[in-house]
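Here are my notes on this structure, written for a first reading. Please keep the view open and follow the numbered points in order.

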Amino acid sequence: MLDKVPSAFGKLCVALVAIHAARPLALRSLLISDLDRAHGQLKVGTRLIYLDELTLLLIADWLRDRHQRWPLSANPHLLVTRRTAMHAGRPPINKFAVQYYFRFTGLTAQKIWSDRILDEAHEAKDPLHLMHVFGLSATTAVKYVQAAHPERFIIDPTQA
């Protein structure tokens, strides 16, 4: 999927959603200070994500690209565009900057995010795990486990 995305910015966005289930809108507010490359961690909202080797490589590629394009950018956001990198107000990127790159995958960011959590629900079978890893509410986590394992939630009327 990453091979279809044409830029370091886009590859990083797709990886954060597809691998780490970062919410697409949360990518807009990521700050450079949220990244701890030495420990392989990224704070996304209230969640602390432990980054894999691939994502760390994609972050390095993006930071190199960002610095080459806008070496004097004072924007504190991890993800910037040509419109936000040198803007005096230091704004975050808009939602369309992230959504644009998901078109290359053939899926929406929301679909990839949801599929990532459903995939984990197939493996973990535990709503508490989903709550802890992805920061989901109890209700949402249970819904994902129910969707992944409907056989566990079938109520036999003869047993009631």
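1. The fold in outline. The protein chain has 6 helices and 3 strands. Here helices (H or I, at least four residues) and strands (E, at least two) are DSSP runs, numbered from the N terminus. Along the sequence, the pattern reads α-β-β-β-α-α-α-α-α.

2. What kind of model this is. This is a predicted model, in which local features need pLDDT of at least 70, side-chain atom pairs count only at pLDDT 80 or more, and totals for chains, interfaces and linings use all residues. Residues are numbered from 1 along each chain as its sequence is written, and side-chain values use heavy atoms, with hydrogens and water left out.

3. The whole chain. Its C-alpha atoms fill a box of roughly 70 × 30 × 30 Å along the principal axes. Of the 160 residues, 39% are buried. Buried means under 20% relative accessible area, exposed over 50%, and partly exposed in between (1.4 Å probe, protein chains only). Take the contacts (heavy atoms within 4.5 Å) between residues at least 6 apart in sequence: 52% of them join residues at least 24 apart.

4. Charges. The chain carries 20 positive and 14 negative side chains. Lys and Arg count as positive, Asp and Glu as negative; His and the chain ends are not counted. The centres of the two sets lie 12 Å apart, with each charge placed at NZ of Lys, CZ of Arg, CG of Asp or CD of Glu.

5. Helix H1. Why is H1 called largely enclosed by the rest of the structure? Because 8 of its 11 residues are buried. These are Phe9, Gly10, Leu12, Cys13, Val14, Ala15, Leu16 and Val17. The buried residues of H1 pack against S2, H2, H3 and H4.

6. Helix H4. This helix covers residues 109–124, 16 residues in total. From first C-alpha to last it reaches 23 Å, close to the 22 Å expected at 1.5 Å a residue. That expected span is 1.5 Å times one less than the number of residues. Buried in H4 are Ala109, Ile112, Trp113, Arg116, Ile117, Glu120 and Ala121. An α-helix has 3.6 residues a turn, so residues three or four places apart point the same way. The buried residues of H4 pack against H1 (8–18), H3 (95–102), H5 (127–134) and H6 (138–148). Just after H4, Lys125 takes a positive phi of about 60°.

7. Ser73. Look in the loop between H2 (53–69) and H3. Is Ser73 buried or exposed? Ser73 is buried, because its relative accessible area is 17%. Its side chain makes polar contacts (pairs of N or O atoms within 3.5 Å; within protein, one must be able to donate a hydrogen and the other to accept it, and residues adjacent in sequence count only if both atoms are side-chain atoms). One runs to the backbone oxygen of Ala85 at 2.6 Å. Another involves the backbone nitrogen of Asn75 at 3.3 Å.

8. Thr84. This residue also sits in the loop between H2 and H3. Thr84 counts as buried because its relative accessibility is 7%. Its side chain reaches the backbone nitrogen of Thr81 at 2.9 Å. Leaving aside neighbours within four places in sequence, Thr84 is in contact with Asn75, Pro91, Pro92 and Ile93.

9. Gln41. This residue lies in strand S2 (residues 41–44). Not counting residues up to four places away in sequence, Gln41 touches Asp34, Leu35, Asp36, Leu48, Ile49, Tyr50 and Leu51.
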